[in-house]
Amino acid sequence: MANIGVDIVAINRIESILSSDKKIKFLNKIFSENEILESKEKANMSQYFSGRFAAKEAIRKALSSEKKSTNQSFKSIEILNSDSGKPYVLSETRKDINISISHDGNYAVAFCIIDK
């Protein structure tokens, strides 16, 4: 059995935050230094952060279905890309988190599976 989580984010919602005076507070609350650094290599930062935000929400949803839920902070869940481009998760408490992130039009969606 596995725990699953899914989330969808409107990219223009994140784009609005990134172009406002809330940008720094948002980035520092949700994303790790490595995620912020990795974003600078991306052509579309709004799309990048939307996918990461959806993935973090999906992971938190999957973790919340566990009996011993840890309610991890957003920053304690780090999502980076391997050399092949596949996203992977670094977590302070879990090593068995698998994710997929996809974008289409104005939406980013993420799906998470956590093995038990």
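This is a predicted model: local features need pLDDT of at least 70, side-chain atom pairs count only at pLDDT 80 or more; totals for chains, interfaces and linings use all residues.

**Helix packing and selected residues**

Helices α1 and α4 are roughly perpendicular to each other. Two packed helices are described by the angle between their axes and the distance between the axes. For α1, residues 11–18, and α4, residues 45–64, the angle is about 115° and the axes are 8 Å apart. The class of roughly perpendicular runs from 65 to 115 degrees, and that is why the pair is described in this way. The crossing of α1 and α4 is right-handed.

Which residues make the contact? On the α1 side they are Ile11, Arg13, Ile14, Glu15 and Leu18. On the α4 side they are Met45, Ser46, Gln47, Phe49, Ser50 and Phe53. Sorted by class, the α1 and α4 contact holds six nonpolar, three polar and two charged residues.

Next is the packing of α1 with α2, which spans residues 23–30. Here the angle is about 115° and the axes are 7 Å apart. From α1, Ile14, Ile17 and Leu18 take part, and they meet Lys23, Phe26 and Leu27 of α2. By class, that contact has five nonpolar residues, one charged and no polar ones.

An α-helix has 3.6 residues a turn, so residues three or four places apart point the same way. In α1, the buried residues are Ile11, Ile14 and Leu18. They cover an arc of only 65° around the axis, and therefore sit on the same side of α1. What do these buried residues pack against? Their partners are strand β1 (2–10), helices α2 and α4, and strands β4 (97–104) and β5 (107–115).

Helix α2 can be read in the same way. Phe26, Leu27 and Ile30 are buried there. Their arc around the axis is only 95°, which puts them on the same side of α2. The buried residues of α2 pack against α1, α3 (33–39) and α4. On the face of α2 turned away from its buried side are the exposed residues Ile24, Lys25 and Lys29.

Three single residues remain. Asparagine 28 belongs to α2. Its relative accessible area is 42%, so asparagine 28 counts as partly exposed. Leaving aside neighbours within four places in sequence, asparagine 28 is in contact with Ile36 and Lys75. Lysine 75 is 47 residues away from asparagine 28 along the chain, yet their C-alpha atoms are separated by 8.2 Å.

Glutamine 47 lies in α4 and was listed in the contact with α1. Glutamine 47 is partly exposed, at a relative accessible area of 28%. Beyond its neighbours within four places in sequence, glutamine 47 is in contact with Ile11 and His103. Glutamine 47 and isoleucine 14 are 33 residues apart in sequence, and C-alpha to C-alpha they are 8.1 Å apart in space.

Is arginine 52 buried or exposed? Arginine 52 is buried, because its relative accessible area is 5% and the cut-off for buried is under 20%. Not counting residues up to four places away in sequence, arginine 52 touches Phe31, Glu38, Ile79, Leu80, Asn81 and Ile101.

That is the end of my part.

How values were computed
Residues are numbered from 1 along each chain as its sequence is written. Side-chain values use heavy atoms; hydrogens and water are left out. Axes are lines fitted to C-alpha atoms, for helices over the stretch in contact, and angles run from 0 to 180 degrees between N-to-C directions. Helices (H or I, at least four residues) and strands (E, at least two) are DSSP runs, numbered from the N terminus. Angles under 35 degrees count as roughly parallel, over 145 as roughly antiparallel, 65 to 115 as roughly perpendicular and the rest as oblique. A crossing is left-handed if the near helix is turned anticlockwise from the far one by less than a right angle, and right-handed if clockwise. Contact means heavy atoms within 4.5 Å. Ala, Val, Leu, Ile, Met, Phe, Trp, Tyr, Cys and Pro count as nonpolar, Asp, Glu, Lys and Arg as charged, and the others, Gly among them, as polar. Buried means under 20% relative accessible area, exposed over 50%, partly exposed in between (1.4 Å probe, protein chains only). The arc is that of the directions from the helix axis to the C-beta atoms.
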